[in-house]
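Hi,

Here is the structure I promised to pass on. Please open it first, then read my notes below.

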Amino acid sequence: LKMSWFWFYLPLHLLMAACLCHSIKAPTTSSQQSFKTDLFNFYHSLMLADGKETTVHLLKDIPKRYYFVLEEGRALAPFTITVTPCDVPIEWSILVHKASASFLGKAARGNHDTEEVSKSQKAPSMVSTIFNYKGNSVETYMGMSSFSALYMLEFLSTERDTHITVYLTTDTTSGQLYPELPVDPRIDVIGIGHTTVTLTWKHSPSVLQHRENIQYCLLVNEKHNYKSLCAAETAIRSSGMKLPPTLALSLSPYLLEPQQVMILSNSELSIINKASSGEVRQICMGTKNTYTVLNLSPSTQYYFDVFIVNLLTNASAAYTGTFARTLEEPEPKVTELKDGKVIQVVLDGKKQKFYSLQYQARHKKIQFTFQLCRGQVRVHIMKNGKTVALENISGLRYFLLKGKLLDTYLVQLRSTEESNSSVKVQVSPHFHKPLFPLLPESLKIKSFSKLRTCNSVTIAWLGTQEESKYCVYKKRIEEDQVWLELRSADRCSGPESRHKSEKVLCKYFYDINLQRAVTTETIKGLDAGTLYLFDVYLFGPSGIPVRYDSKVVKTRKKC
């Protein structure tokens, strides 16, 4: 690192003069005191605070310098300097101006970018560089001096504007600002699934000593590992996301940006940031040192970083990051469809997985029939790899398709709700012989408010031009059961699922004129002021029923 000695000496003599004034114990005149005060105030922003973490902003290719002075008269005065780059690699050096050569210092961690200058290398100017470093790792220098000395730290960023944090302390007897890492700071991957990764790491000694003020935070992303918490936060912000000030629970977690999702469960904080570059998860789990990351994407490489965070100071230390690739998702099982055979498929809404059906045509024209039983289902039909139908279905839906002999059809079904859905599926070349009965224009049941009494209800429903059998069922329900009954109704189930006491009647009817294909029925013997659930089942030639939409009606309380 090229140093400008002029910029060292310019403030050096002024600061040393001030320090000498400060160290003199004899009384001073008011003018001397004023000079000393003005001098220290002028260079206040250049003096590095002792025992406090300082944020330093660097402009590209412009060095920035800070100073500190070791007090006179102390035997082997120790000091520690920790520099944390928050983005790109930087260069930084420690220079010392001393009156004697009795100096001893070392780097806390060895590095090929680190160079120590021997104490025997003494320049006539008595100014020497005792430490150099270049990189983006967190680096700590520990030194001792038995003399009064002025130290200068110079920082330089050659890539772009950035910021770093610097921590200086001369008090090595009290507790450390940064949580302590274990001897082995690696993160171990102990389990990998299709959508999960299980991690474990050695406990920090700080957790054992100050459990109530320390916690672990995990960062998960798809780009790379981060060597410090501030580096991770800087990278996430640069991708267009705004972060809380720290991953610790001491942040205000309830004030999140629209692109953030927070999950609080079992004393665990999880913040998920959505961005074009991928998903970044921040999870703070207290003092647990084993954690399973859920809901990952199959066959995807993820990077995992663990930070030990002091909740009182927000200072943190980073474990050695790791990475893992989730397992590939197994090919979904494909069920073969046979001509005319009806199958019922139950779809898991939580996992949002496709259920696949395959059919090889033996005729040029075929018809797919779907009867929605519960929930909401999305149907995707492909012929020889090309989409021929894609829609959300409701009720009963037919798809008449034309093609060639031996065309291969693939049907993919998926629930569009978080709850489970189910659907019946049939494929047949005999579309002129439908499996299900001819349906009316609407499957809604209508009730007549003016015809309601204390013990009877009149309902009506549409019929068709084809003579069919209709069966009416009733069920007494409570007001708090209405939503559940309507929600959980299986529209594919027939009267065989009902209790015999719920059956009201069965009858046949039809009308050539669709305008008059309407029938009514008055159900008597009901209780006053009571809710009833009414269902109508329509049976076709095949005997498979179609259930009308349920209707809830309440009898009059007073007549």
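**Around Arg-186**

Leaving aside residues up to four places away in sequence, Arg-186 touches Thr-200, Trp-201, Tyr-319 and Thr-320. Keep in mind that this is a predicted model. Arg-186 sits in the loop between β10 and β11. Now look at Val-306. Arg-186 and Val-306 are 120 residues apart in sequence. In space, their C-alpha atoms are 9.3 Å apart.

Next, find Val-189 in strand β11, which covers residues 187-192. Val-189 has a relative accessibility of 32%, so it counts as partly exposed. Together, Val-189, Ile-192 and Leu-327 make a nonpolar surface patch of about 210 Å².

**Nonpolar cores**

Nonpolar side chains in soluble globular proteins tend to be buried together. Here, the largest nonpolar core has 25 residues. Which residues have the most contacts inside it? They are Phe-68, Ile-81, Trp-92, Ile-94, Tyr-151, Phe-155 and Val-166.

Most residues other than glycine have a negative phi.

Asn-295 lies in the loop between β17 (290-293) and β18 (301-310). Ser-299 also lies in the loop between β17 and β18. Are they buried or exposed? Asn-295 is exposed, with a relative accessible area of 66%. Ser-299 is partly exposed, at 27%.

**A three-stranded sheet**

Last, look at the open sheet formed by three strands. Their order is β30-β31-β34, and the pairing is antiparallel. Why is one side of β30 and of β34 left without a neighbour in the sheet? β30 (446-447) and β34 (518-523) stand at the edges, and each has a single partner strand, so one side of each has no neighbour there.

Two bridges join β30 to β31 (residues 457-462). Check Ser-447: its bridge partner in β31 is Ile-459.

Best wishes

Technical notes
Residues are numbered from 1 along each chain as its sequence is written. This is a predicted model: local features need pLDDT of at least 70, side-chain atom pairs count only at pLDDT 80 or more; totals for chains, interfaces and linings use all residues. Side-chain values use heavy atoms; hydrogens and water are left out. Two strands pair if DSSP finds at least two bridges between them. Helices (H or I, at least four residues) and strands (E, at least two) are DSSP runs, numbered from the N terminus. A nonpolar core is a set of buried Ala, Val, Leu, Ile, Met, Phe, Trp, Tyr and Cys residues joined through side-chain atoms within 4.5 Å. Buried means under 20% relative accessible area, exposed over 50%, partly exposed in between (1.4 Å probe, protein chains only). Patches are made of residues with over 30% relative accessible area and no salt bridge: like charges are joined within 9 Å, nonpolar side chains (Val, Leu, Ile, Met, Phe, Trp, Tyr) within 5 Å. Accessible areas come from the Shrake-Rupley method with a 1.4 Å probe; for residues, only the protein chains shown count as cover. A salt bridge is a side-chain nitrogen of Lys or Arg within 4 Å of a carboxyl oxygen of Asp or Glu. Contact means heavy atoms within 4.5 Å.
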